[in-house]
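Colleague: I am new to this structure. Could you show me how to read a few of its features?

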Amino acid sequence: MTTTTSHVPEYVPESEGPDGGAAAARPARLIHTESTTEIPVHLLFREEPAAPPAEVKRPAVVAHRPPPEKEDRDTRDIGVRARASAPGVDPDIVERPARVLPGIAGVLAGVCGAAGCAVTAWWAGVLPPFAEEVFGRSAGAGGPGPAQWAAFAGAGALGLFGFGGLARGRTGRAWVLELFGRYRGTVRGTGLLWVNPLLLRRRVDVRLRHWRGEPLPAADRGGVALRVSVLVVWRVRDTARATLGVEDHEGYLRACVEAALLRVPVAAPGAGRGAVQATQDVLTRLVAADAGPVGVEVCAVRPLRVEYAPEVAAAMHRRRLAALDARHRASVVGAVVDSVEDTVTRLTMRGLVDLDDYERQVLVKDLTVAFCAGRGETGS
């Protein structure tokens, strides 16, 4: 078998030869490396064992990576947006349980301190006359000495610490404890407890609470100004962050709700249940994301009352009335046309009348006027 490369002859203009005459025109080859190769036929049909597949090495990088400049810029933008959306709180401020004792320990300590003071007074000889008649004559005379004063101080301190640290824990209430400005833990227990009297106590309400605010400014999808009253259901999840991470967590929550209403388009008055539910879900997510870092858990943000702002209320009322009137007119016209068509079709199908095009048009006109007049009188 022989394979050759073919070419198309192309003639070049005549040129002068070495002797000054015109040389004969010769064809110019398109493929200058023209060659003829003979391939044995048996090589084309030879059966050879298939070669083992070559091992393909997996590339180190599979996905396409953006340029370093673009990747760094996108990362910076995402980081800036994240920092702007989520407020920063000291990570060391996290609620942890405080060390407290049962109330019986404080009672026993107080009783022991009071008994110690009484025994020291008897020892120092400073009991009142009626007490001496009951307990007998005092052991000492001439007033208390240094030992008696030391015993007085120790017994008095024990009694003050015992009775002064008694506290009553209530369900739904917690105490945030501080010592010289440092957070020492949170007490969520109930019943009679003993807490170190040197600690500063801040009472926090951890029950499920609701807040209904005054009408706040908002806007719908078309940018029309609204006034929205919302119901916020929330509770304090982390008492340490709610007390120490922000100055006033209730005021902070109100500010978060107001900011969310300015960012989310609220369903206009009279919207369907689906639009209202979508608005509620978006508001809940935004307020929960803003209030979560300060230890406040937001369960729901529900729009209760949505109305137009006073400056646009009259215009929107006229617009709604015009839309309702246009809808009513369209429904009346549609009903009249259907009635006329049904009447003409019945008359024609039953063979009661034989109408040409002109008579049909006149009949349709008369029936339309009659039906419209009848509906107008009925509506009035």
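Modeller: Start with one residue. F180 is exposed, with a relative accessible area of 79%. Keep in mind that this is a predicted model.

Colleague: What is the cut-off for exposed?

Modeller: Exposed means over 50% relative accessible area. F180 has 79%, so it counts as exposed.

Colleague: Where is the place of F180?

Modeller: F180 sits in the loop between strand 7 and strand 8. Look at its backbone too. The phi of F180 is positive, about 55°, although F180 is not a glycine.

Colleague: How many bridges join strand 7 to strand 8?

Modeller: Strand 7, residues 173–179, is joined to strand 8 by 5 bridges, and the two run antiparallel.

Colleague: What order do the strands form in the open sheet?

Modeller: The order is 8-7-10, with 3 strands and antiparallel pairing. Strand 8 (182–187) and strand 10 (200–205) stand at the edges; each has a single partner strand, so one side of each lacks a neighbour in the sheet. Neighbouring strands here are turned by 25° against each other on average, direction ignored.

Colleague: Now the faces. Which residues of strand 6 are on the covered face, and which on the uncovered one?

Modeller: The general idea first. Side chains in a regular strand alternate between the two faces of the sheet. In strand 6, residues 166–169, A167 and G169 make up the covered face. L166 and R168 are on the uncovered face.

Colleague: In which sense do strand 6 and strand 9 pair?

Modeller: Strand 6 pairs with strand 9, residues 191–194, in the antiparallel sense over 4 bridges. There, R168 has L192 of strand 9 as its bridge partner.

Definitions and conventions
Residues are numbered from 1 along each chain as its sequence is written. This is a predicted model: local features need pLDDT of at least 70, side-chain atom pairs count only at pLDDT 80 or more; totals for chains, interfaces and linings use all residues. Side-chain values use heavy atoms; hydrogens and water are left out. Buried means under 20% relative accessible area, exposed over 50%, partly exposed in between (1.4 Å probe, protein chains only). Two strands pair if DSSP finds at least two bridges between them. Axes are lines fitted to C-alpha atoms, for helices over the stretch in contact, and angles run from 0 to 180 degrees between N-to-C directions.
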